[in-house]
Amino acid sequence: MTRANLAGLLLALVALAAPLAWPWLKTPVVIAASFGVAALGVSILIRAGQLSFGHAMFSCAAGYAAAFLARAVPRLDSALLLPVGALCGAAMGMLIGLFVVRYRAIFFGMLNLALSMVLFSILGKFYSWTGGTDGIRVARSTFFGMQLDRDGFETALLVVAVACSVALALAVQRYQQSVAGQALAAVKTNETRLEYIGLSANKALWIGYVFSAALCGLSGAMFALMQGLVTPEMGYWVRSGEIVFISILGGVGHPVGAFLGAVVFEFIKLYSAALFTGAWQMVLGFVLIGLVFFVPSGLSGLLFRKAAPAQASEARPLIGEVRS
Amino acid sequence: MNQELFLLAVLDGISYAALLFLVALGMTLVFGVMRILNMAHGSLYAFGGYFAATLGLWAVSKGLSPAWSFLWLVLAALVIGALLGTVMEVLLLRRIYHKEQILQLLVTFAAFMIFEDLQRMIWGAQPYFVSDIVNYLGVAEVLGITYTRYQLMVLPGVALVVFVGLRWFLKSSRTGRQIVAVAHNREVATAMGIDAKRICLLTFVAGSMLGALGGALASPTTSLVPGIGAEMIVLSFAVVATAGLGQIEGTLVTALLIGLARSFAVYLQPEMEVLVPYLIMVAVLLFRPQGLFSVAQARRV
């Protein structure tokens, strides 16, 4: 077992155990898991060298899809809303992906941003459908057939969230080692050579994009269930920026990074909001700058340098450049 | 839509486009020369606006004539733009020119987060609105429509002066030529003895000043609330991307296009107001992935 996997296991156990001892931790841990899943999705694209400043749109759309569905079918089990969120994200990702995978670097990042603003403003403007900026309440229904009170519901959500996180981290790890995942990493290093081998860079990026959108969708549904409320704010571009921030904070070298990043992010936010009221964003900004300057490989890169496969793939372009 | 409404929409569109152009021009100038997309550019717009409004309020409390207001606006923009631009370039950007584009984008995003809270700390959450210069200049009649002189003449006037001035500066002045050289090829420019460091600082400060100028000029016509910076950055990006990154003439045309489309949406279909700029952007990029005015580059193996 590598150090990274061990760290992941440990993190999952702590995430399950700590809220049992201190119940107030349930909400931040579930929210961290939700952000972690989204960051995991975004980190897939970052490994391909593409930064999306609009992925919160998938979380937001999935949150609304869950809310609409819960409203239309009042007795629907909450556990069904999570896969609905992922499916909604995936479907949207397929469609939007067709368009955005033709672009790279700044255009890619900013097109996503612009599209997310389209969604954000639609949700805010069409009051009669979406409740405008007040959003829609997501009523608490049964969870796996059980009628739970608030605390029980949060505990169930916590267990499901942690289980999903572990499963998805493993899935992403497998994906990264697959042909499709390796091709995605090659989009960053040398796209043209990838096409010489006979693989389509756009298609590799599209698959990664759909995968990342599905993860963000699941994250949005999780968040919606936790909050019991969806608002357009979920899809604001700054929220997308925070997801990117978490991926970088955790490091994209290993899937555990996304969750490490999410936990650290959530607690920096929690404590700086308490200590310096109205300045948590500023604190995060300084953390981000420090990170880029001093630890660009993120927490996971710092903790288990040897285990991180990204190190190897990052070294590749240099060698390639020397040879060409 | 009758003729009166049509004309009103056109005038609104032009005055809005003028502001949009100034902000987007700053952004595209910085990108064109330094290849950095500044996500904190919208914050400079917000700072320019707030600072100008504060100076304006102070001037009113001192009983100074509103005739001076225009001076405040421009002065505020230049001071705050130069200050923040210098701080950002020297402390942040200078260290990351050689790094990946992703990291450059992130650093400017971090700057955006810091500025956002800074602005809330200094000016709070309540809206600011100082319109004495608009009232002082009064209204004019255009083809049977009464319209404020400020929006009719000052805003488009400043935008045009800046456009012509910048064109002239880049084409004819020594420093301008150096900026163009750095934009084309930084290494060769350095080899020819151009101080690229100085040029980058200069460009970034100029770009920041333009952003702040946009905000300062907007302050008498809109109320300043937290979040205007975040909105402006996305909007001016839409202009810059639609035009093609780094295109100065393109930015002018696109700002006009988006400004007009937006003001027509306000009169015809108000729900669409916020959507229109992005829809235009997406429509353009579908057919011309590099933007309206830029030339596609050959791929390098």
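Author: What follows is a set of questions about the terms used for this predicted model, each answered from its value.

Reader: Why is A:Ser78 called buried?

Author: A residue counts as buried when its relative accessible area is under 20%, and A:Ser78 has a relative accessible area of 1%, so the word applies. A:Ser78 is found in helix 4 of chain A, which covers residues 78-100, and, leaving aside neighbours within four places in sequence, A:Ser78 is in contact with A:Ser141, A:Thr142, A:Phe143, A:Phe153 and A:Leu225.

Reader: What makes B:Leu252 partly exposed?

Author: The range for that label lies between the limit for buried, under 20%, and the limit for exposed, over 50%; B:Leu252 has a relative accessible area of 25% and is therefore partly exposed. B:Leu252 is found in helix 11 of chain B, residues 248-268, and touches B:Phe21 and B:Phe163 once residues up to four places away in sequence are not counted. The C-alpha atom of B:Leu252 is separated by 26 Å from that of B:Thr86, although the two residues are 166 residues apart along the chain.

Reader: How do you know that chain A and chain B are in contact, and how many residues take part?

Author: Contact requires heavy atoms within 4.5 Å, and by that test 48 residues of chain A are in contact with 46 residues of chain B. The two chains bury about 4300 Å² between them, with 80% of that area on carbon and sulfur atoms. In chain A, the residues that lose the most area to chain B are A:Ile106, A:Phe107 and A:Phe293, which together account for 16% of what that side buries.

Reader: Which polar links are counted between chain A and chain B?

Author: Six residue pairs are in polar contact between chain A and chain B, both residues of each pair being at pLDDT 80 or more, whereas the count of salt bridges between these chains is zero. On the side of chain A that touches chain B, helix 5 of chain A gives the most, with 13 residues, and by class that side has 34 nonpolar, eight polar and six charged residues.

Reader: What is the predictor's confidence in chain B and in the complex?

Author: Chain B has a mean pLDDT of 84, and 97% of its residues reach 70 or more. Within chain B, confidence is lowest in helix 5 (residues 132-137), at a mean of 72, and highest in helix 9 (residues 196-218), at 90. For the complex, the predictor gives an ipTM of 0.84 and a pTM of 0.86.

Definitions and conventions
Residues numbered from 1 in each chain as written. Chains lettered and ligands numbered in written order. Predicted model: local features only at pLDDT ≥ 70, side-chain atom pairs only at ≥ 80, totals over all residues. Heavy atoms only, no water. Buried area = accessible area lost by both parts, 1.4 Å probe. Salt bridge = Lys/Arg side-chain N within 4 Å of Asp/Glu carboxyl O. Polar contact = N/O pair within 3.5 Å; in protein donor to acceptor, adjacent residues only side chain to side chain. Helix = DSSP H or I, 4+ residues; strand = E, 2+ residues; numbered from the N terminus. Nonpolar A, V, L, I, M, F, W, Y, C, P; charged D, E, K, R; others polar. Buried < 20%, exposed > 50% of the residue type's maximum accessible area, 1.4 Å probe, protein only. pLDDT = per-residue confidence, 0-100.
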